[in-house]
Every structure is written in structure tokens, then in C-alpha cells.
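I set aside this page for a walk through the model. I keep the entries brief and go one place at a time.

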Amino acid sequence: MCGIIGIVGHTDVAARLYDGLTVLQHRGQDAAGIATADGNKLRVHKGNGLVSDVFHERAMQLLQGRVGIGHCRYPTAGSEGSDEAQPFYVNSPFGIALAHNGNLINTDALRREVFEQDRRNVNTESDSEVLLNVFAHELDMQGALTPDGAFRAIEGVARRCVGGYAVVATVLGLGLVAFRDPNGIRPLVLGKRSHNGQDEYAIASESVALDLLGFERLRDVRPGEGVVVTARGELFTKQCADERMHTPCIFEYVYFARPDSMMDEVSVHKARMRMGQKLGEKILRLRPDHDIDTVIPIPDTSRDAALEISNVLGVKYREGFIKNRYVGRTFIMPGQGERAKSVRRKLNPIPLEFKNRVVLLVDDSIVRGTTSRQIVQMARDAGARKVYLASAAPPVRFPNVYGIDMPSAEELVAHGRTDDEVQTLLGCDWLIYQDLADLQEAVSGPKHRIDHFDSSCFNGEYVTGIEPGYFDRIRQLRSDEAKKTRRA
């Protein structure tokens, strides 16, 4: 999962790209980069680390230009190391820099095509560089550099690339180009503002970046749609791929997105509140005479759900864990050992909220189980009489292949296990999961804005289809053991 942003302004945009990336930092803490178009030059600065670590005064001064893109990353399949930091760029044709959120599932075949048919070279293991070269080749085939030419290039990308992707690119001589995969798996939102009587445009992974920069959220980029904003500030849009079933990634709403974002016309905050309502109702159905004294969220993404659960159950909501704000999100930490150490550094219990109480801990999801197991033990050590654990999401039983670095299936705690077996492994007195139908209804909301989702990590149904042998390759790339071997 990554964060992307692109801006076309009437003054230099680097500072605004930087600010936008800071509020998308939750989407990736591994690397960051910015590319700007300055006349006939592409200026790029990127590196490993947080946004605030990668950019310094000298770098920002060099990033001149009124068109630019930014990216913050955490690594997915095969993409680790400083060479994988984005944006990627190519000099031919025209000069293109591109940033990508998502994951292609036919990368190996595309890599061969790019080399053997397109006569282009890919230097890294990143599928994003493959996607850049596919787009560059398709754009080169159009001849004239126009919005229509860019749209035909996007049509070529949609024909060749399979997976989930949201893309922003800057093309010298044209401006900003953006597009979204035909299923709309990865999010992308378009914004506009008037500055000194002139229109400026921004495109980002989440609306919160537009809010910060003073852009009005116009709408989400439609699945399979292409957007071109010329360097003069002219907006062009076109449907570049046949409309398929719109299936946004439901895990965005469960975990990744900020609660103050709107994605596909759905408030993430409201979706999480409805998750809590649904889960609270399930608890009452299963245990109408429950003995829960206190509902405690595992901060931060479970707060909305936990508060609604407490309201439904009619029991106290309490903040029982204090979070160290200077430790990254453990879900995206590389390596099991590093994740294990991070939990203890990240959370500290308040004993008064646990002592002699039956506590219901609420988390957004349970993936590997490492974090949950430690937190349950922390609650016991703090004096809890019983520890129940509720997950606002169903059991994660299958890898995500569209841009979330979930491990191989064997490393998922719920894979191949019953709920009772997972409960025993986590060490809690009761484990309760959200039902998938309730989760989908919670996210779509009462107006049913979205009819279908990519829920593949819960149900194993992949909307693009999966080629034979794909999961074996993913296992070689994504397992903790494989990553440890690559770092050795």
C-alpha cells in the first residue's frame, strides 16, 4: 500500500506535494519521493525513510516546477531497498515520471513483453517500473503528445496490465496524467481550487490530502478512467477501459485509510462506526447476558468501532492503552521479530482500566496474530480478570494480491484454523469476528453506494482471476523467511 499525489498549479508545487505526503504517511513509511516538471527537465528527489527524513531544504529548493507528483511507500511483493523508491522515471518518450499505488499480478509476463517486444529495459524488481515502461511504450506509439494520445496510452495499459493500481504521472510537454484500474480496487480522488482567479487541480489517494491543501473534492476518479491536466491547467477526462464490476478494496476502510477521508463517496469514519454497530449487535445475539465491564480499543483505527460497540452493549468505553506516536504501524513492519519488538515499544497499558475487570479489546483486524497475542497478554499482566478480543473485520485467511503486503497464507493466523483454534493461539477468553456480510453492509452504508468489494483476503475471491502458480511466487517473495534471506 502506498500514498500518491499529483498537483498542477500556477506556482511551484513541491512544498504542497510535501505537505500532502505528510498526511498520506500512514499509507507507507518505507520510502518517499517527489518529481516535478520544470520546463524541459524532470527533477526527482527520493530515498528511504519518512517524508520528513527524505526531504531537506536543499532538495526542496531544487524541486522547481508547477507540475509534480509525490509518493510514499511501503514495500509489496519483491519491492524492497532504496532502488525501489518512487517516483520512477524514463527519458523516452518525452520524459515521464510515474508513481503507483497497488500491485500488478501479471508482472512476470509484462516484464518479458517490455524487454522482448517493447525493447525497453527494467532495472528493478518493482512492478511500478514495469507499469511505467508499459505506459511509456503505449504513449510513444501515439506519436503526437496530446490528451487524446495519453488516453489511448492508458487504454493500452488497461489491456495489458492486470491487478489493482492507481497512478499519477508527469509527462514533459503535457502535464499531469492519472488513471485507475478498471475495477477501481485502489482509491484515487480528484480535487480543484481557485487560486488568484486561476484553477489548480490535485489528485491523491485520499481526500484528506486535498483538505489540507485547500482543494475542494470534486469526485473519485472512476474505475478505468483517465485524467489529464495540462501544464496550463486544462482538465480532460475519458473512460479508457470498459467498465467492469466496481470492487474497491474493503481493507482500505478497515485499516489503511484515515478516518477523515472520503473514498468512493463513503466516509471512512462512518463506515468504521457502522462496523462497531454491527459487531455490537452480534455480541448481543451470541451472549445477551455477557459479563463485559469495559470496552477498550487497540488504538488507533479501532476507536470508532469500539465506541459504537460500547454504546450498543451499554458498557463503559475506556482508553486503556497509551500509544507511542513515534513508532510506525506494526502491520507494515518488515519481519516478525521487528513487529514483536514494536508492539511493546508502541503500547503501554493503564493498569487502572484493567484491574479485576472483564475487558473487551477491540481491534480493526487480526492478520498474523503476533500483535494480538502480545496485547492480550499485556491486558492480563495489567490485572484483567478476563480478556475478550473483538475484530471489526472477518478472519484474514488469504493473501491480498492487489497492493497490501499480507504474507503468504501459511503466516496468517486464521488460515486453515477454526475461530476456536485462533482463540487458543491468541490466548484470549473469547474471540469474536465480524461477519463478512455485515462488514460489506457497514462500508456500503444505508444508501448502498457500493454494491461489491474486493474482499479477497477474507473470502479468497479475486476479482481479476489468478494465474496458476501465482501464489507460489508470492510465497517466495512475501514470507518473512524469504525477506530475511534477501536481506542476508
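Where does P87 sit? I found P87 in the loop between strand 4 and strand 5. I note at the start that the model is predicted.

**Entry: two cis peptide bonds**

Q86 and P87 are joined by a cis peptide bond, with omega at about 5°. I then looked at S92 and P93. The peptide bond from S92 to P93 is cis, and its omega is near 0°. P93 belongs to the loop between strand 5 and strand 6, the latter spanning 96–104.

**Entry: E84**

I went back to the loop between strand 4 (67–73) and strand 5 (88–90), where E84 is found. Which side chain of opposite charge is nearest to E84? I got R73, at 5.1 Å. E84 is buried and has no salt bridge. The cut-off for a salt bridge is within 4 Å. I also looked for backbone contacts of the E84 side chain. One of its polar atoms lies 3.3 Å from the backbone nitrogen of S126.

**Entry: two asparagines with positive phi**

I looked up N196 next. N196 is not a glycine, yet its phi is positive, about 55°. I located N196 in the loop between strand 9 (189–195) and strand 10 (198–204). Is N196 buried or exposed? N196 is exposed, at a relative accessible area of 71%.

I then turned to N356. Its phi is positive too, at about 65°, and N356 is not a glycine either. N356 is found in the loop between strand 19 (347–349) and strand 20 (358–363). N356 counts as exposed, with 54% relative accessibility.

**Entry: strand 16**

I moved on to strand 16, residues 294–297. Which residues of strand 16 are buried on each side? I recorded T294 and I296 on one side, and V295 and P297 on the other. Both faces of the strand are covered. I kept a general point in mind here: side chains in a regular strand alternate between the two faces of the sheet.

I looked at the partners next. Strand 16 pairs in the parallel sense with strand 17 (residues 316–317) over two bridges. T294 has K316 of strand 17 as its bridge partner. Strand 16 also pairs with strand 20, again in the parallel sense, over four bridges. There, V295 has L360 as its bridge partner.

I followed the chain from strand 16 to strand 17. Together with helix 10 (residues 303–313), they make a right-handed β-α-β unit.

In what order do the strands of the open sheet of seven run? I wrote down 3-2-4-1-10-9-11, with antiparallel pairing. Strand 3 (41–48) and strand 11 (216–220) stand at the edges. Each has a single partner strand, so one side of each is left without a neighbour in the sheet. The twist averages 15° from one strand to the next.

Strand 2 (residues 31–38) pairs with strand 3 in the antiparallel sense over eight bridges. Which residue of strand 3 stands opposite G33? I found K46 there.

Key
Residues numbered from 1 in each chain as written. Predicted model: local features only at pLDDT ≥ 70, side-chain atom pairs only at ≥ 80, totals over all residues. Heavy atoms only, no water. Buried < 20%, exposed > 50% of the residue type's maximum accessible area, 1.4 Å probe, protein only. Lys, Arg positive; Asp, Glu negative; His and termini not counted. Polar contact = N/O pair within 3.5 Å; in protein donor to acceptor, adjacent residues only side chain to side chain. Pairing = 2+ DSSP bridges. Right-handed = clockwise from strand over helix to strand, strands pointing away. Axes fitted to C-alpha atoms, helices over the stretch in contact; angles between N-to-C directions.
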